[in-house]
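Hi,

Here is the structure I promised to pass on to you. Have a look at it first, and then read on for what turned up.

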Amino acid sequence: MSTACRDLSLSAYRSLLLLHREVCSTAALARPYLSPTRLLTPLIKLGVNTQVAAAFGAEADAMVSPTGMSSELKAEMLCRFFSMLEVLGRSQSIDPAAIPSIVSILLLLSLDPSAVPELQQDAVSAIEAVLASPTVTRTVELDTCKFVLRVTKEMGFTPDLQLRLLALLPGCSANSGRVRRWIAWAMLGGDLHTFHACSDVPPIQLMLDLFSKTAPGVVKLGVTPDTDYQHLGALVNILSVAMTDVDAYVRHANGSGSVLTRNVYEALEQMNGKIVDDRAAHMDRTKTKEAINRLHKRLIYQRHAVLETLRTKTGKMDQFLVAKPKSAASRTKVQGGIEPAKGE
């Protein structure tokens with residue numbers, strides 16, 4: 001990460017990545033974990049506020065003076081840092097206790113207005129590699145959710161910023177998918193103390209309470225004369241993230257999850273019918289209706305697909321792709337068919 005000689009620094013960086021990948025591809029070795037202090041020190045050199053770094057777990061010996069550099073060089077150094085984090089995550093070389101703070105600071109750096117798309121993509125790849133590691137237990141997932149939510153609350157994130165943050169959580173692996181769903185659920189008012197070690201999806205009852213005026217909860221989805229449609233559209237998209245695993249909901253509790261899923265998309269349909277486009281702020285209303293329609297249609301079709309799968313004998317697609325064996329009656333008919341004429 002040195003900036004004194006860029007060519008030498010780049011060569012050393014590439015050699016380090018190649019060496020690390022080569023070592024990680026060999027037999028399992030006892031690798032020391034990298035602590036939050038070691039991981040955050042390069043960011044402090046790049047100009048990250050020391051108070052912020054301390055809040056993310058950096059110790060006093062990591063508080064070095066920032067190195068002066070241009071914005072272009074800083075972006076290049078950040079890309080290298082993110083690539084190194086991705087390699088370290090895949091090699092399981094990051095201390096699990098440091099994962100919540102590392103994921104949170106990667107999200108914040110990606111949300112910076114100066115972050116270019118290439119830098120955001122590198123951050124997304126690094127987050128996925130870190131969260132997909134086998135060292136990430138359900139406890140680490142819960143700590144990550146709590147850390148990210150604490151950061152968003154202390155910084156006063158609006159629903160729009162919360163949605164942008166969720167877009168940077170890839171959710172490709174099982175671990176990152178759970179973290180993404182539970183964070184979205186907590187943004188809608190869910191309590192992370194109900195995080196179950198055996199549950200891949202958050203409780204669906206909260207989704208129904210969002211549409212009820214009498215149910216407890218701070219966040220509500222509804223249409224009134226004073227509705228902020230940009231705010232409402234962001235909340236609907238956050239709800240869509242929380243309900244990405246419709247399959248798990250439909251199969252839950254002997255079909256009761258299927259009924260609750262149907263209740264959610266029926267509530268969305270009713271809310272959508274109350275929104276009328278007019279010339280005033282029509283774009284916000286149109287975008288909100290599109291978000292509601294997308295979630296409404298997705299819940300309908302995914303629920304129907306799961307129910308159709310459950311109605312089949314095996315519940316697998318193989319029965320539609322593998323040829324069915326002929327019955328005994330049809331085999332007898334073919335074997336006892338008309339005998340060929342003599343001479344044929």
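Thr288 sits in helix α14, which spans residues 282-311. Please keep in mind as you read that this is a predicted model.

Is Thr288 buried or exposed? Its relative accessibility is 1%, and the cut-off for buried is under 20%, so Thr288 counts as buried. Leaving aside residues up to four places away in sequence, Thr288 touches Tyr229, Gln230, Leu232, Gly233 and Ile275.

Gly233 belongs to helix α11, residues 229-242. With a relative accessibility of 8%, Gly233 is buried as well. Which residues does Gly233 touch, again not counting those up to four places away in sequence? They are Thr288 and Ala291. For a distance you can check in your viewer, take Gly233 and Leu221: twelve residues separate them in sequence, and their C-alpha atoms are 9.5 Å apart.

**Helices α5 and α6**

Next comes a helix pair. Helix α5 covers residues 99-111 and helix α6 covers residues 117-131. Their axes lie 9 Å apart, and the packing angle is about 165°. Angles over 145 degrees count as roughly antiparallel, and therefore α5 and α6 are roughly antiparallel to each other. Their crossing is left-handed.

On the α5 side, the contact is made by Ile99, Val103, Leu106, Leu107 and Ser110. From α6 come Gln120, Ala123, Ala126, Ile127, Val130 and Leu131. Sorted by class, the contact of α5 with α6 has nine nonpolar residues, two polar ones and no charged ones.

**Cysteines**

How many disulfides are there? The count is zero, taking a disulfide as a pair of cysteine sulfur atoms within 2.5 Å. As for the setting of two cysteines, Cys145 is buried, at 0% relative accessible area, while Cys172 is exposed, at 65% relative accessibility.

**The chain as a whole**

Stepping back, the protein chain has 16 helices and zero strands. Of its 344 residues, 42% are buried. Finally, consider the contacts between residues at least 6 apart in sequence: 69% of these join residues at least 24 apart.

Happy to talk any of this through once you have had a look.

Best wishes

Notes:
Residues are numbered from 1 along each chain as its sequence is written. This is a predicted model: local features need pLDDT of at least 70, side-chain atom pairs count only at pLDDT 80 or more; totals for chains, interfaces and linings use all residues. Side-chain values use heavy atoms; hydrogens and water are left out. Buried means under 20% relative accessible area, exposed over 50%, partly exposed in between (1.4 Å probe, protein chains only). Axes are lines fitted to C-alpha atoms, for helices over the stretch in contact, and angles run from 0 to 180 degrees between N-to-C directions. Helices (H or I, at least four residues) and strands (E, at least two) are DSSP runs, numbered from the N terminus. Angles under 35 degrees count as roughly parallel, over 145 as roughly antiparallel, 65 to 115 as roughly perpendicular and the rest as oblique. A crossing is left-handed if the near helix is turned anticlockwise from the far one by less than a right angle, and right-handed if clockwise. Contact means heavy atoms within 4.5 Å. Ala, Val, Leu, Ile, Met, Phe, Trp, Tyr, Cys and Pro count as nonpolar, Asp, Glu, Lys and Arg as charged, and the others, Gly among them, as polar.
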